[in-house]
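Dear colleague,

Please find below the structure that I am handing over to you. My notes on it come directly after.

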Amino acid sequence: MTCITLTTDFGIKDGNVGVMKGVIWSIAPGVQIADISHLITPQNIPEASLILLRSAPYFPPGTIHVVVVDPGVGTDRRPMAARLGSQYFVGPDNGILTMWLERAAAQNQATSFVHLNRPEYWLAEVSHVFHGRDIFAPVAAHLARGVPLDNLGAPFSDPVLLPLPQPLRTESGYTGQVIHIDHFGNISTNIRQEHLGQPRQLRVRLAGHEIEGMVRTFGERPPGELVALYGSTGNLIISMVNGNAAQRLGVQPGDSVEVEFYLPF
């Protein structure tokens with residue numbers, strides 16, 4: 001059975017997510033729907049891109065991911081659908097796919113994109129402010145019913161890409177930045193395990209604090225202590241054992257983080 005996932009910045013108060021599900025089920029009654037997140041920071045396209053990257057690989061082939069973080073709704077930004085490897089995406093062409101496209105390129109996966117310009121696959125009436133309901137949900141439902149991607153719109157090959165800063169190698173380590181803060185206040189950086197290797201003797205500097213060394217698990221240090229370790233996706237994260245590191249340090253995405261090895265490499 002086909003699965004459609006939903007990721008939005010809509011929250012759960014106003015019923016918008018439920019309306020999208022109603023549209024999908026009215027067109028494709030048997031489809032399964034999985035909620036990835038509806039608490040993306042409002043208008044935060046890079047965060048949506050990251051959450052999509054972390055989530056999509058764990059869904060089966062043929063899954064359709066609807067992602068609606070769309071500050072340009074109603075403007076001339078393209079609505080699009082795409083195939084990346086064996087899965088599909090439906091949403092605005094505003095950079096949300098950037099990180100997934102990097103992964104697809106690294107794995108030599110085929111990709112294709114269509115501009116959703118065929119209203120016969122939308123709702124009959126389209127508002128200027130709720131394309132999640134009026135365009136993206138019905139398109140995803142038609143995909144789930146077996147409508148070929150190419151039938152949904154005109155092909156194109158230049159999706160919008162976000163400028164993603166990469167960590168810089170220094171004489172004694174790396175300089176990177178904070179890219180995400182999760183529900184627990186864990187601080188994720190763009191410095192990854194492939195940059196640093198196995199946990200080793202190093203110090204991490206962030207917001208005027210230094211953390212000596214790395215741990216493998218939260219439980220290796222006492223409650224309240226700041227620790228550095230690899231998160232579940234291989235990114236270097238800074239956490240506070242049984243606490244909220246982001247609140248303690250007062251950091252935000254984009255803040256600088258430094259890693260220094262005890263011995264230059």
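This is a predicted model: local features need pLDDT of at least 70, side-chain atom pairs count only at pLDDT 80 or more; totals for chains, interfaces and linings use all residues.

Residues are numbered from 1 along each chain as its sequence is written, and side-chain values use heavy atoms, with hydrogens and water left out.

Pockets

A pocket is an open set of points on a 1 Å grid over the protein atoms alone, where a 1.4 Å probe fits, with protein on both sides within 12 Å along at least five of seven lines; lining residues have an atom within 4 Å of a point. A volume is the space filled by probe spheres set on the points, which are joined across faces, edges and corners. Helices (H or I, at least four residues) and strands (E, at least two) are DSSP runs, numbered from the N terminus.

The largest pocket has a volume of about 1,100 Å³. It is lined by 38 residues, of which Leu-50, Arg-54, Met-99, Ile-179 and His-180 are the closest to its centre. Helix α2 (45-55) supplies at least two residues of this lining, as do α3 (98-106), β9 (173-181), β10 (187-192) and α5 (193-196). The largest share, six residues, comes from α2. By class, the lining holds 18 nonpolar residues, 13 polar and seven charged (Ala, Val, Leu, Ile, Met, Phe, Trp, Tyr, Cys and Pro count as nonpolar, Asp, Glu, Lys and Arg as charged, and the others, Gly among them, as polar).

The second largest pocket has a volume of about 250 Å³. Its lining includes Ile-51, Arg-54, Ser-55, His-180 and Asp-182. Here too α2 gives the largest share, three residues, and the classes are two nonpolar, seven polar and two charged.

Two strands pair if DSSP finds at least two bridges between them. Seven strands form an open sheet with mixed pairing, in the order β2-β1-β3-β5-β4-β6-β7. At its edges stand β2 and β7 (154-156), each with a single partner strand, so one side of each has no neighbour in the sheet. From one strand to the next, the twist averages 25 degrees. Strand β1 (residues 3-8) runs parallel to β2, joined by five bridges; Thr-5 has Ala-34 of β2 as its bridge partner.

Helix α1 (residues 16-27) packs on this sheet, touching β1, β2 and β3 (64-68), and its direction makes about 155 degrees with that of β1 (axes are lines fitted to C-alpha atoms, for helices over the stretch in contact, and angles run from 0 to 180 degrees between N-to-C directions; contact means heavy atoms within 4.5 Å). Lys-21 lies in α1 and is buried, at 17% relative accessible area (buried is under 20%, exposed over 50%, partly exposed in between, with a 1.4 Å probe and protein chains only). Leaving aside residues up to four places away in sequence, Lys-21 touches Leu-6, Ile-33 and Asp-35.

Strand β15 and its partners

Strand β15 (residues 256-261) pairs antiparallel with β9 over five bridges, and five bridges also join β15 to β11 (residues 202-206), again antiparallel. Val-257, Val-259 and Phe-261 make up the covered face of β15, and Ser-256, Glu-258 and Glu-260 the uncovered one.

Backbone angles

Gln-43, although not a glycine, has a positive phi of about 65 degrees. Asn-108, also not a glycine, has a positive phi of about 55 degrees and counts as exposed at 73% relative accessibility.

With kind regards
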